[in-house]
Amino acid sequence: MNAKLIKLLFTTASIERWNDLPRPFKFVELDKQAHKMIIAYILSHYEKEVDYIELIKLAIAGILYRAVLTDLKSPVYNFLRKQKGKELDEFVVNKLKNILDDEMLEYVKKYNNTSSIERRILAAASLLANIWEFDFIYNFAKNNYGIEDIKKALDYEIEDYYDLEGVKVLTLRKKTYDFISLCGNLRFQKRWANTPRVPETSVLGHMLFVAILSFFFTRMYGGVDYKIYYNFFTGLFHDLPEALTRDIIAPIKKGVAGLDEILKEYENMLIEEKILPLVPKNIQKELKILITDEFSNKLIIGDTYKKVDVAEDLLGQKGIDGSLVKVADHFAAFVEAIMSIKHGIKSPELISAIEMLENRYKNRKIYNIKLNSFFNKDFFND
């Protein structure tokens, strides 16, 4: 994990989508990719023999691919792929070869050249995320030139994925669709709501960024496959209850005695009553483990878990490195603050947050990772 990789991933927070159409609000690529990955998680649990590590690595490769090509419209991109697909792949690989390790570079090469079930799930999830966004645009600009053609093209394309059981379920637009819609609403919640920043980031985009950082941190210490799986999806869903509570800033949570515990109880009630009933029964217990006590180190025992005190207790055991996901969450905030200042927008709150996090992680490490290597302004001078 290096500064060039982090900065490239973060550029997706600046790539606007549907920017040639009237829009009721701004859509950005990072949010779409986050929504896509949540939908992929749902779709994958309707299928058999899905390789989830393959799914995660292909998804990250796809995000990097998109970051390099920025905001090419889908029809233009699809036309170019038919005419110059090999050359496009070579262009992207050349841009990434000094940023990624050999394994992840191979996944970038593989991304558009495999018909595996994992790649097919990601393609269907991407299309469903597009349709979710387009519904807002269509209702906002029904009289716009070409809008009906886009709607028809999306409606036709989704039929190509009806062999996936989850696609058929989601196109019914019943309770499972309500779940992905609930998750999608997190793109409307702005991070650092009271602090001007560039680029602005949403809670939804932040969740994916934390998931990707968790992935790279887990690989860095040599975490096994199930650690990659659980740490990634814990990161992806860690702020999900905020879809119902909204973000409550840390100074308020920590400044009012007992408030944090009360809020946790309230969140747990919402998880049980409002969130879990929306998802398929076969993932309800796992999702509850992922989003309850999200930053606790957990040993998974059947359909439940046991908290442990330190991350090292989890080595070689089936569990979640909650403390590592918390580090990823803090590092995401560090990146958000640093990148805003590099864009010329600074505030006392951003400067204070950077200093606080640098001090917090100055002499800390998790597993074999020295965290001051990352929580350091000089890291981004690469």
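**View 1. What covers the buried side of helix α17.** In this predicted model, α16 (322-342) is part of what covers the buried residues of α17. Those buried residues are L350, A353, I354, L357 and E358. Look down the axis of α17 and they all sit within an arc of 130°, so they line one face of the helix. The general rule behind such a pattern is simple: an α-helix has 3.6 residues a turn, so residues three or four places apart point the same way.

**View 2. The other face of α17, and its span.** Turn to the face pointing away from the buried side and you'll find the exposed residues P348 and N359. The helix takes in 13 residues, 348-360. At 1.5 Å a residue it should span 18 Å, and since its end C-alpha atoms are 18 Å apart, the two figures agree.

**View 3. An open sheet of 3 strands.** The strands line up in the order β4-β3-β5, with antiparallel pairing. At the edges stand β4 (304-308) and β5 (319-320); each has a single partner strand, so one side of each is left without a neighbour in the sheet.

**View 4. Zooming in on the β3 and β5 pairing.** Strand β3 covers residues 297-301 and pairs with β5 through 2 bridges, in the antiparallel sense.

Key
Residues numbered from 1 in each chain as written. Predicted model: local features only at pLDDT ≥ 70, side-chain atom pairs only at ≥ 80, totals over all residues. Heavy atoms only, no water. Helix = DSSP H or I, 4+ residues; strand = E, 2+ residues; numbered from the N terminus. Expected span 1.5 Å × (residues − 1). Buried < 20%, exposed > 50% of the residue type's maximum accessible area, 1.4 Å probe, protein only. Arc of directions from axis to C-beta. Contact = heavy atoms within 4.5 Å. Pairing = 2+ DSSP bridges.
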